[in-house]
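Visitor: I have a structure open and would like to go through it with you. Can we take it piece by piece?

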Amino acid sequence: MSLSVLRHPDFDRTKYGPSTVNIHAGEPRDAYGALVPPIYQTSTFYFDSTDDAVKACDDYAESFAYSRITNPSNDYFEKKIAAAEHGLGAVSYASGMGAVAGAIFMSVRAGDHALFCKAKYSGTEDITRDFLPRFGVDVGTFDPQNLETLKDGIKDNTKLIYVESPANPTMVMADIAAISAIAHEHGIKVGVDNTFATPYNTNPLDLGADWVVQSVTKYIGGHGDLLGGAIISNDEGFLRDCRLGTLMHFGAVMAPQIAFLATRGLKTLAVRMKQYNTNALQIAQYLEQHPKIDIVRYPFLPSNPQYELAKRQMRGGGGMLSFDVKGGLEAGKTFINHLKLCTLAVSLGDTETLVEQAAAMTHTMIPREVREAAGITDGMIRMSVGLEDPEDIIADLDQALAVV
Ligand SMILES: *Cc1c(COP(=O)(O)O)cnc(C)c1O
């Protein structure tokens, strides 16, 4: 049963390009013909009879009864992001971490083992090092650049392999097709955090992943004005378990106004990503030739050791890159303190160019030896390239580097 009544019930996303899909998939039929449907700012839903109520409450996931489980604004967003990620369905959460935690805790239980790529979002890192062991889940890591470490890490009780591609903040990529093939040989599920790549650049479900998570806060919302998350999958049983499990009972529910904003953001994702892809490549090329820069990590630079994989797995290199200024942490600080246009802030995927020092800011909770083993140097600067004119961003970088 479909929750909302659709405007184009026969819309087949496989027949259209990503811009068209993001704009037209999942559009609801509004009672008054509104092009943009209203925000369903309601916590609960009425019934005309006890029979109707009993029917709805018999299956909370397939009816509108209470907004902690389903809401028409969220349903609209979920249908759209499911189409964007090439999945059959989606569950929205209050934040990316709501979705990450919701998907991981739905995938493993006490006595299981899970394998994670080494470098990852710091919140996910904390879940693997702190929370999963507390609940009796054994955790290991592997290096996506060497799949022998994955094969060696698999145990009889491994139930989940989890990757970020490109990873935050090292930009190390994971070969999702190869990892999924290895995992499925052993009956193991694969989860992918697709926040950095976005569904415009990579479609992990097409490559064999079992589920995808998005921090909607980033490129999907796209304007730095919301927090949200989503789990997307072709496994409708898994999505149902997430909705009636970690969403309904842990309660990290996306608010209807946020679903409205996230849907609005998603409609322009493709056109924004095209611009991020060209802006970031131009800036990566500029940084790479600069004598004061040590190393630039960007998927679409030919110098990237994973360039071939990037070309195969990504439509474009995305808007994220990281680099080291020669002279390490202190030189990096001087550089950042002299930026005028680029803004010092955590988070990413906004219209503004944002820079941060990962070891001192986003990844500071991670012990140094774990950071270093994951390739996160003290001086590493992570940059979320914005939608400003690239010449202006480069001019700002240039004047700040001149001071270093
Ligand atoms: C930001 C981020 C998250 C967490 O998302 P929130 O919306 O901040 O909770 C998870 N994974 C990656 C890769 C991120 O960049």
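Visitor: How many salt bridges are there between domain 1 and domain 2?
Guide: The count is 1 salt bridge between domain 1 and domain 2. Bear in mind that this is a predicted model.

Visitor: Which side chains form a salt bridge at 3.4 Å, N to O?
Guide: Those of Asp-175 and Arg-312.

Visitor: Which three residues of domain 1 supply more of its buried area than any other three?
Guide: Met-173, Tyr-200 and Tyr-219. Together they supply 23% of the area that domain 1 buries against domain 2.

Visitor: What about polar contacts between the domains, how many residue pairs?
Guide: There are 19 residue pairs in polar contact between domain 1 and domain 2, counting pairs with both residues at pLDDT 80 or more.

Visitor: Changing topic to the ligand. How many residues surround it?
Guide: The ligand is surrounded by 14 residues. The closest are Gly-96, Met-97, Asp-193, Thr-217 and Lys-218.

Visitor: What does Gly-96 put by the ligand, backbone or side chain?
Guide: A polar backbone atom of Gly-96 is 2.8 Å from an oxygen atom of the ligand. With Ser-215 the side chain is involved: one of its N or O atoms is 2.8 Å from a ligand oxygen. Lys-218 has a polar side-chain atom 2.9 Å from an oxygen atom of the ligand.

Visitor: Now the backbone. Which residues does a cis peptide bond with omega of about -10 degrees join?
Guide: Ser-165 and Pro-166. Another cis bond joins Asn-168 and Pro-169, with omega about 0 degrees. Pro-166 sits in the loop between β4 (158-164) and α7, and Pro-169 is in the loop between β4 and α7 as well. For background, most peptide bonds are trans, and most residues other than glycine have a negative phi.

Visitor: On phi, then: what is the value for Met-171, positive or negative?
Guide: Positive, near 65 degrees, in a residue other than glycine. Met-171 is found in the loop between β4 and α7. His-86 also has a positive phi, about 60 degrees, without being a glycine. The loop that holds His-86 runs between α3 (72-84) and β1 (89-93).

Visitor: Back to salt bridges. How many does a search of the whole structure find?
Guide: The search finds 20 salt bridges.

Visitor: Where in the chain are Glu-78 and Arg-243?
Guide: Glu-78 is in helix α3 and Arg-243 is in helix α9 (residues 236-250). The pair links distant parts of the chain, 165 residues apart.

Key: Residues numbered from 1 in each chain as written. Predicted model: local features only at pLDDT ≥ 70, side-chain atom pairs only at ≥ 80, totals over all residues. Heavy atoms only, no water. Buried area = accessible area lost by both parts, 1.4 Å probe. Salt bridge = Lys/Arg side-chain N within 4 Å of Asp/Glu carboxyl O. Polar contact = N/O pair within 3.5 Å; in protein donor to acceptor, adjacent residues only side chain to side chain. Near = heavy atom within 4 Å. Helix = DSSP H or I, 4+ residues; strand = E, 2+ residues; numbered from the N terminus.
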